Amino acid sequence: MNIHPTAIIKPGARLADDVCVEEYAYIGAHVCLGSGCVVHHHATIDGNTVMGDNNIVHPYAYIGGLTQDLKYTSGNPGLKIGNNNVFREFCTMHVATKAENCTLIGNYNNFLAYSHVAHDCIVGDHVIMSAQAALGGHVVVDDFANIGWSAGVHQFCRVGKYAIIGACCKAAQDIPPFMLADGNPAHVRYINIVNLERHGFGSDRIAQVKKIFKLFYMSGLNRQQALERLKNSHIDDELRTTMLEFASASTRGFA
């Protein structure tokens, strides 16, 4: 291991043989770090945190902090993190509230400076949270979604695959897959073309995503009517299934 002598590693912490911990970093007693992780100077990893391989924690980030939920009473709730994530300066990731639960963070995510993931959130893969963006408790963010600078997502909301929330937004309802939401409160404005093209959507699939947008936001139908129309449409099976599954899990309604 490459452990600087000023770093504090509490007894009980489990670190892979090739972990790097720089000056004045702190690793708590219940932390488990996988192969290739780098903990930069003055960073903190605490709580019942299990981190996979090749994660990078930048200076002053605080990973595994105790939940801020006032319903917390006791126990050792968890935070489980996958592989190849980047946690930039001063970002905070909290454990769950109940002892038997975990906050979950997937793989290849990029959390920019001062971003915050609260208790019991579920963050998928390839998600980008811009600086000062924040997720309230129990938020779900699906793969390839983007959360803009200083945007806030209300508790129990969900952000769908490939969606984006613009800067300074307040998302108080679910943001469906493929959509671009902006404003305060956030409203869906159009589809997230840039993100779709970036991840290999061709013109034909983008045209079908546009049909989904028009069905839900320009047809005059309510959500249930739009869902019934979507079920019987000729839209690509994968796109249709993604939207239908998202709708079935929605509890706060669509933005």
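The model is predicted, so to speak of local features takes a pLDDT of at least 70, side-chain atom pairs count only at pLDDT 80 or more, and totals for chains, interfaces and linings use all residues. Residues are numbered from 1 along each chain as its sequence is written, and side-chain values use heavy atoms, with hydrogens and water left out. Helices (H or I, at least four residues) and strands (E, at least two) are DSSP runs, numbered from the N terminus.

- Two packed helices are described by the angle between their axes and the distance between the axes.
- Helix H2 (residues 203–217) and helix H4 (residues 237–249) have axes that come within 10 Å and cross at roughly 35°. Axes here are lines fitted to C-alpha atoms over the stretch in contact, with angles from 0 to 180 degrees between N-to-C directions.
- On the H2 side, Arg-205, Gln-208, Val-209, Ile-212 and Phe-216 make the contact (heavy atoms within 4.5 Å), and they meet Glu-238, Leu-239 and Met-243 of H4.
- That H2–H4 contact divides into 5 nonpolar, 1 polar and 2 charged residues. Ala, Val, Leu, Ile, Met, Phe, Trp, Tyr, Cys and Pro count as nonpolar, Asp, Glu, Lys and Arg as charged, and the others, Gly among them, as polar.
- The axes of H2 and H3 come within 8 Å and cross at roughly 145°.
- Ile-212, Leu-215 and Phe-216 of H2 touch down on Arg-223, Ala-226, Leu-227, Arg-229 and Leu-230 of H3, giving 6 nonpolar, no polar and 2 charged residues.
- In helix H3 (residues 223–231), Ala-226, Leu-227 and Leu-230 are buried; buried means under 20% relative accessible area, exposed over 50%, and partly exposed in between (1.4 Å probe, protein chains only).
- These three sit on the same side of H3, because they cover an arc of only 100° around the axis, taken from the directions from the helix axis to the C-beta atoms.
- The buried residues of H3 pack against H2 and H4.

- Thr-103 belongs to strand S15 (residues 102–105) and is buried, at 1% relative accessibility.
- Its side chain reaches the backbone oxygen of His-94 at 2.8 Å, and a polar atom of the Thr-103 side chain lies 3.3 Å from the backbone nitrogen of Ala-96.
- Asp-143 is in the loop between strand S21 (140–141) and strand S22 (146–147), and counts as partly exposed at 24% relative accessibility.
- The side chain of Asp-143 reaches the backbone nitrogen of Asp-125 at 2.9 Å.
- The C-alpha atoms of Asp-143 and Val-123 are 7.7 Å apart, though 20 residues separate them along the chain.

- Most residues other than glycine have a negative phi, and most peptide bonds are trans.
- Asn-184 and Pro-185 are joined by a cis peptide bond, with omega about 5°; Pro-185 lies in the loop between strand S27 (179–182) and strand S28 (187–191).
- Asn-54 isn't a glycine, yet has a positive phi of about 60°, and Asn-54 is partly exposed, at 39%.
- Asp-120 isn't a glycine either, and has a positive phi of about 65°; Asp-120 counts as buried at 12% relative accessibility.

Notes. A polar contact is a pair of N or O atoms within 3.5 Å; within protein, one must be able to donate a hydrogen and the other to accept it, and residues adjacent in sequence count only if both atoms are side-chain atoms.
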